[in-house]
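Here is my note on the model, point by point. Please read it with the structure open.

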Amino acid sequence: MSFEIFLQYCFSGITLGSIYAVVAIGFNIIYNTTGIINFAQGEFVVLGALCAITFSRLLIPVLPFALAMSIAVILAVVITTFIGGLIEIVFIKWINNPTVLRLVIITIGLSFLLRETSLHVWDEKVRALKYFTGTEVSSISLLGAHFSPQVLWVLGVTAVIVIGLGLFFRLTLTGRAMRACAASSNAARLCGINIKMMVTISFMISAAIGALAGCVTSPITQTQYNMGSSLAIKGFVVAILGGLGNSFAAVGAGLILGLLESFSIVLLPNAYRDVVAIIILLGILFFKPSGLFAKKEESALKEF
């Protein structure tokens with residue numbers, strides 16, 4: 001394998017890993033506040049992308065391209081955020097002392113509900129948002145390897161999400177309240193923190209991050225109504241691989257999974273690429289269920 005091809009696989013893996021990491025961060029935000037594994041997280045990514053595609057097709061003919069795309073992405077994120085909050089209020093909030101199994105089944109059911117709704121609203125066609133910079137054939141050359149300018153958008157938005165969330169959880173009162181819920185919901189309740197409000201906010205933030213990720217990645221990956229399940233599985237694997245609840249570790253785990261998938265093409269047919277994620281998940285669950293970057297003592301305190 002030449003150095004240029006090796007570098008090409010690296011860029012592809014980093015791009016895939018960034019997408020998986022953002023989905024995993026959505027898992028972690030809800031898990032940290034509620035203990036819920038939200039298997040509808042992948043649907044937020046698809047919903048955000050489909051909404052942005054629809055709005056962009058309406059706005060691009062009448063507005064400058066950059067302004068139309070900005071408004072389309074903002075509207076998609078706002079609508080998906082609202083739906084995320086609405087789902088929590090309608091299907092999750094009313095449950096008293098839920099078991100993990102019950103919540104898993106509910107979120108899987110919500111995933112089916114969102115998927116079928118998307119099918120009826122947008123049909124089964126594959127769609128794609130326009131490239132933010134350049135076109136389908138535009139490329140940037142680096143050390144002999146070539147990649148799309150959209151990859152820089154994916155990496156940049158992932159970095160902004162990770163840094164923004166870090167600042168939000170450390171510097172804002174709401175972020176600190178959510179961290180208190182993660183540490184001990186009973187203690188947080190005794191301190192006067194509105195637990196139910198924090199849970200709703202966690203769903204809304206998670207939906208917003210998923211929608212933004214869907215908008216940025218849609219030009220590269222394209223979007224279809226049934227892509228959410230695959231993204232949810234990959235995001236869940238990355239969340240487990242990094243250590244459930246640790247968003248910074250999810251970035252490292254996402255890059256590892258993305259690179260493994262990318263280089264797996266050298267040894268396996270492309271159709272078997274998804275098998276890599278399942279093998280990694282089984283390996284982690286058997287040999288290091290706390291994740292690669294989590295301490296056993298911290299994992300022992302988790303309820304899941």
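1. Surface patch. Phe-82, Leu-86, Ile-89, Val-90, Phe-91, Trp-94 and Leu-113 make up a nonpolar patch on the surface, and their accessible area together is about 690 Å². Patch members have over 30% relative accessible area and no salt bridge; like charges are joined within 9 Å, and nonpolar side chains (Val, Leu, Ile, Met, Phe, Trp, Tyr) within 5 Å. Areas come from the Shrake-Rupley method with a 1.4 Å probe, and for residues only the protein chains shown count as cover. Helix H3 (residues 65-92) gives the largest share, five residues. Helices here are DSSP runs (H or I, at least four residues), numbered from the N terminus. Phe-82 lies in helix H3. Phe-82 counts as exposed because its relative accessible area is 55% (buried is under 20%, exposed over 50%, partly exposed in between).

2. Basis and confidence. This is a predicted model; local features need pLDDT of at least 70, side-chain atom pairs count only at pLDDT 80 or more, and totals for chains, interfaces and linings use all residues. Residues are numbered from 1 along each chain as its sequence is written, and side-chain values use heavy atoms, with hydrogens and water left out. The predictor's confidence in each residue, pLDDT, runs from 0 to 100. The protein chain has a mean pLDDT of 81, with 93% of its residues at 70 or more. Among its elements, H3 has the highest mean (90) and helix H12 (residues 296-300) the lowest (55). Where pLDDT is low, the predicted coordinates should not be read in detail.

3. Salt bridges. The count is three, taking a side-chain nitrogen of Lys or Arg within 4 Å of a carboxyl oxygen of Asp or Glu. Glu-43 pairs with Arg-115, and their closest N and O atoms are 4.0 Å apart. That pair joins distant parts of the chain: Glu-43 sits in helix H2, Arg-115 in helix H4 (residues 100-122), 72 residues apart. Both Glu-43 and Arg-115 are buried. Lys-234 and Glu-261 meet at 3.0 Å, N to O. This bridge also links distant parts of the chain, with Lys-234 in helix H9 and Glu-261 in helix H10, 27 residues apart. Lys-234 is buried at 5% relative accessibility, and Glu-261 is buried at 0%. Arg-127 and Asp-123 form a bridge at 3.2 Å, N to O. Arg-127 is buried at 14%, whereas Asp-123 is partly exposed at 26%.

4. Aromatic pairs. How many does a search of the whole structure find? Seven. Rings of Phe, Tyr and Trp (its six-membered ring) pair if their centres lie within 6.5 Å; planes under 30 degrees apart are stacked, over 60 edge-to-face, the rest tilted. Tyr-9 and Phe-263 form a tilted pair, 5.5 Å centre to centre with 45° between the planes. Tyr-9 is in helix H1 (residues 3-34) and Phe-263 in helix H10 (residues 247-267), 254 residues apart. Tyr-9 is partly exposed at 22%, as is Phe-263 at 23%. Phe-39 and Phe-236 are also tilted, at 5.3 Å and 55°. Ring pairs link Phe-6, Tyr-9 and Phe-263 into a cluster.

5. Cysteines. A search of the whole structure finds zero disulfides (cysteine sulfur atoms within 2.5 Å). Cys-10 is buried at 15% relative accessible area, while Cys-191 is exposed at 66%.

Notes:
Helices (H or I, at least four residues) and strands (E, at least two) are DSSP runs, numbered from the N terminus. Buried means under 20% relative accessible area, exposed over 50%, partly exposed in between (1.4 Å probe, protein chains only).
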